Amino acid sequence: MPRRALAAAVVALVLPLSACGSGGDDSGSTDASGKVEGDITFQTWNLRANFKPYFEGLVADFEKKYPGTNVKWVDQPAEGYADKISADAAGGTLPDVVNVSPDLVAPLAKAGLALDVDKAAAKYKKEYLPGAWAGHEIPGMEGTYAFPWYLNTGPLFYNKSLFKEAGLDASKPPTTYDELFADALELADKSDGKVATLANVPTIEDFGRYGVELMNKEGTAFAFNDAKGVELLTKYKELYDAKALDPQALTATPESSGKKFLTGAVAMNPGSALDLGKFKKDAPNLYKNIGITDQITSTGKVNMYVMGLMVNAQSKKKPAAVAFAHFVTDAQNQMSFAKKVAIFPSTAGSLDDPYFTKEDGTDETRVRIAAAGSLKNAVNYTPVLLSEQMKTELRNSVAKALQGKVSPQEALDNAVKACDRLLQQQG
């Protein structure tokens, strides 16, 4: 399934680099001017199995456009991708152009191995959505360290019949957290606690969409234990106590949350175009009553996942590497990739294409249009310095607060302390 190949788009990995200083060579490493020629290596992340003809065509088109260039395409499996990059970085064998997510690029930028495209490719910046270009900025460092490539996001599904039964207007689903909390308490009350609105505990993206400052500007400490962060967690505790948040949310997986939504025990759930087909087949009643809306946000900006192409700052063929990274991520090539798989281009104007705006009666298009519309001003809320271990610390602290073992303030203080400690260990 193509989405499996792109699951990497939402997987954050820790990349402990031995060279975790501010490093970098002093030989004018951001200069990418000069003739586009020579041999370069391009590395993707688990894309060969499903998209081999696309990438082979891309490479051939580039070599035709720039005679004298030769691109060697390599693809690494999803498993162990971060470790492979780490080993290549330490051994000086990083490819010229590397498929990265923001969290993977952070340690490489700190080690002076990621080219600052704000300096080396500033002329291309206006071609991309501002939120996507900013996706590979690193707190505490000047610059942007990868070209934005494809984006992903997902709308929220909701069960219209459950809203109606609770006396709520099914044509006006909640859009802000305040509306969500009010509707959720109403749904729980009217159903005697049988219908929860959500099946998931708040994640770092929820804190971001609520308007919490997640980190200080220098990137040296986390900040989600401020008054706004505590307010959000306190509201979730109210939902949990009222059974407006599913009791099993503490241990929920996307699969288990999906099942709850399917059986009508939960009123809202995030999802993708693939889910609509599942509803049609497994829950025709739900399918008839399905509503599609944007992610809940109090900032007016939804969360996006962004993939990027990093240029190796130590590449011997920087002009060719920058030209190729730009070529892969230009509007035309991103658009043709988006038509092969459920992702979205990061280029300005692309989301206005009829492919992302014109209904054709299919479920897939309904979801695609809903997601595309929200991406134009979306941001990547997940801090690039937040590791999987840190996410676990936050999740565990949130669970303790919901169970009443500690106060929301204490829970977030503990999570911030743990995350700051792990941040110091990263170097």
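Two strands count as paired if DSSP finds at least two bridges between them. Helices (H or I, at least four residues) and strands (E, at least two) are DSSP runs, numbered from the N terminus.

This is a predicted model: local features need pLDDT of at least 70, side-chain atom pairs count only at pLDDT 80 or more, and totals for chains, interfaces and linings use all residues. Residues are numbered from 1 along each chain as its sequence is written, and side-chain values use heavy atoms, with hydrogens and water left out.

**Strand S4 and its partners**

- S4 covers residues 147-152 and pairs with S8 (residues 305-311) in the antiparallel sense, over 4 bridges.
- Facing pairs include Phe147 opposite Leu309 in S8 and Pro148 opposite Gly308 in S8.
- S4 is largely enclosed by the rest of the structure, because 6 of its 6 residues are buried. Buried means under 20% relative accessible area, exposed over 50%, and partly exposed in between (1.4 Å probe, protein chains only).

**The six-stranded sheet**

- The 6 strands form an open sheet in the order S2-S1-S3-S8-S4-S9, with mixed pairing.
- S2 (69-76) and S9 (344-345) stand at the edges with a single partner strand each, so one side of each has no neighbour in the sheet.
- Strands of a sheet pair through backbone hydrogen bonds, either parallel or antiparallel.

**Helices on that sheet**

- Helix H2 (residues 48-65) lies across S1 (38-45), S2 and S4, and runs at about 165° to S2.
- Helix H15 (residues 331-338) packs on the sheet and touches S4 and S9. Its direction makes about 25° with that of S4.
- Contact means heavy atoms within 4.5 Å. Axes are lines fitted to C-alpha atoms, for helices over the stretch in contact, and angles run from 0 to 180 degrees between N-to-C directions.

**The three-stranded sheet**

- The 3 strands here form an open sheet in the order S6-S5-S7, with antiparallel pairing.
- S6 (268-270) and S7 (290-293) are the edge strands, and each pairs on one side only.
- The twist averages 30° from one strand to the next.
- S5 (residues 156-159) pairs with S7 in the antiparallel sense over 4 bridges. Phe157 has Ile292 in S7 as its bridge partner.

**Helix H19 and its neighbours**

- H18 (residues 388-402) and H19 (residues 408-426) pack at about 165°, with their axes 8 Å apart.
- H18 and H19 are therefore roughly antiparallel to each other. Angles under 35 degrees count as roughly parallel, over 145 as roughly antiparallel, 65 to 115 as roughly perpendicular, and the rest as oblique.
- The crossing of H18 and H19 is right-handed. A crossing is left-handed if the near helix is turned anticlockwise from the far one by less than a right angle, and right-handed if clockwise.
- Residues of H18 at this contact include Met390, Leu394 and Ala401, while those of H19 include Ala411, Ala415 and Leu422.
- The contact of H18 with H19 divides into 11 nonpolar, 4 polar and 1 charged residues. Ala, Val, Leu, Ile, Met, Phe, Trp, Tyr, Cys and Pro count as nonpolar, Asp, Glu, Lys and Arg as charged, and the others, Gly among them, as polar.
- The axes of H10 (residues 227-241) and H19 come within 9 Å and cross at roughly 125°. That makes H10 oblique to H19.
- Gly229, Val230, Leu233 and Thr234 in H10 meet Pro408, Gln409, Ala411 and Leu412 in H19. This contact of H10 with H19 has 5 nonpolar, 3 polar and no charged residues.
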